[in-house]
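Reader: I would like to learn how to read this model, feature by feature. Please give the general idea each time, then the case at hand.

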Amino acid sequence: MDRLRAFEVFTTVVGKGGFAKAAEALDTSPANVTRYVAELEAHLGARLLNRTSRRLSLTEAGEALYERARAFLDEIAEAEAAASANVAEPRGRLRINAPLSFGVLCLAPLWPVFMARHPRVELEISLSDRVVDLVEEGYDLAIRISRGGSQAHVARKLATSRNIVCASPDYLKGHGAPETPEALAEHRCLAYSYTAMAEDWRLTHLDGREAVVRMRPVMYSNNGDTARAAALAGQGVIWQPTFIVGEDLRAGRLVRLLPDWSLPDIDVLAVYPSRRHLSAKVRLMVDFLAEAFKGTPPWDR
């Protein structure tokens, strides 16, 4: 058995979530993929994958092997690159997950720049506001918008974004502007559902006072741009990060409310499974993003 090829097949099956997709990615037949995985399991004397008609999942032994096999394959790829006189930088596929709005607004313009600089790195970008499992779903890197960081993975801060309470001029003409946090409770609220602050808005005054306002949302959305669109149409009050509403605030399409009060800032993080086996292409991307967002980030300029 070619163990190197078996490791490559096994990690591809896990990363792609199935034998047929792995066969397509590896340009081979599903039968060959099945054979390699079976031979690897026989060699190790352990089942690596639980197979059902609907789902593929790792066993405990499979989980232990998967992370080490991926790191091993990454190290081999880097060794090959270093040994080749014609290869000056890392290569191979880099799977990245990012939030939908941030991915479209702030990351999409950066990918062509990275690709032009590093043509041997192949990007696979997935956008979702759901928090993915990096190891189980086969991602090399995730960009997350968070105040709490990551307990399970290594996180590097790339930038900070402010959260702003705002509404459109048309909405304020009809409903007036709240003068205190408590007055917010009387307004139509457009809530972002992927946060603990969807209904309880926590604000801090410049002098350190705090206020928690219980809101009654007229709309919930798991996407910030959807809430922004409703606010621009005069349907209520929102709080959203400046990377979503910054241009609207500068153009006067949205108006900041309660300027002496603020919501907690949020961090833009690059999250990856392990510092110990950090591949060169992941390090390259993290450094690239840190450079792109250094200083005052573009949404606050």
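Author: The protein chain has ten helices and 15 strands. Helices (H or I, at least four residues) and strands (E, at least two) are DSSP runs, numbered from the N terminus. This is a predicted model, where local features need pLDDT of at least 70, side-chain atom pairs count only at pLDDT 80 or more, and totals for chains, interfaces and linings use all residues. Residues are numbered from 1 along each chain as its sequence is written, and side-chain values use heavy atoms, with hydrogens and water left out.

Reader: What does the C-alpha trace span along its principal axes, and what percentage of the residues is buried?

Author: The trace of the protein chain spans about 75 × 45 × 35 Å. Buried means under 20% relative accessible area, exposed over 50%, and partly exposed in between (1.4 Å probe, protein chains only). Of the 301 residues in the chain, 45% are buried. Thr226 is a case of the middle class: at 37% relative accessibility, Thr226 counts as partly exposed. Thr226 lies in helix H8 (residues 224-232). Its C-alpha atom is 9.0 Å from that of Tyr192, 34 residues apart along the chain.

Reader: Tyr192 leads me to pockets. How is a pocket defined, and which residues lie nearest the centre of the second largest pocket?

Author: Rolling a probe the size of a water molecule over the atoms shows where empty space is left. The search runs on a 1 Å grid over the protein atoms alone. A cavity is a set of points where a 1.4 Å probe fits but cannot get out. A pocket is an open set with protein on both sides within 12 Å along at least five of seven lines. Lining residues have an atom within 4 Å of a point. Grid points are joined across faces, edges and corners, and a volume is the space filled by probe spheres set on the points. The second largest pocket has a volume of about 610 Å³. It is lined by 29 residues, with Asp129, Ile145, Ser146, Tyr192 and Tyr194 nearest its centre. Strand S3 (92-98), helix H5 (100-107), strand S5 (141-146), strand S12 (238-241) and helix H9 (242-251) each give two or more residues to this lining. The largest share, four residues, comes from S5.

Reader: How many residues of that lining are nonpolar, polar and charged?

Author: Ala, Val, Leu, Ile, Met, Phe, Trp, Tyr, Cys and Pro count as nonpolar; Asp, Glu, Lys and Arg as charged; the others, Gly among them, as polar. The lining of the second largest pocket divides into 15 nonpolar, ten polar and four charged residues.

Reader: Where does S7 sit in its sheet?

Author: Strands of a sheet pair through backbone hydrogen bonds, either parallel or antiparallel. Two strands pair if DSSP finds at least two bridges between them. Here an open sheet of three strands runs S12-S7-S13, with antiparallel pairing. S12 and strand S13 (255-256) are the edges, each with a single partner strand, so one side of each has no neighbour in the sheet. Strand S7 (residues 163-167) and S13 pair over two bridges. Ala167 stands opposite Val255 in S13.

Reader: Which strands form the sheet that holds S14?

Author: Its order is S10-S9-S14, an open sheet of three strands with antiparallel pairing. Strand S9 (residues 200-205) and S14 are joined over two bridges. His205 has Trp261 in S14 as its bridge partner.

Reader: Now the rings. Why is the pair of Phe102 and Phe243 edge-to-face?

Author: Rings of Phe, Tyr and Trp (its six-membered ring) pair if their centres lie within 6.5 Å; planes under 30 degrees apart count as stacked, over 60 as edge-to-face and the rest as tilted. The count comes to nine aromatic pairs. Phe102 and Phe243 have ring centres 5.0 Å apart and planes at 85°, so their pair is edge-to-face. Phe102 lies in helix H5 and Phe243 in helix H9, so the pair ties together parts 141 residues apart in sequence. Both Phe102 and Phe243 are buried. Phe102 and Trp299 also form an edge-to-face pair, at 5.6 Å centre to centre and 70° between the planes. Phe102, Phe243, Phe293 and Trp299 form one aromatic cluster.
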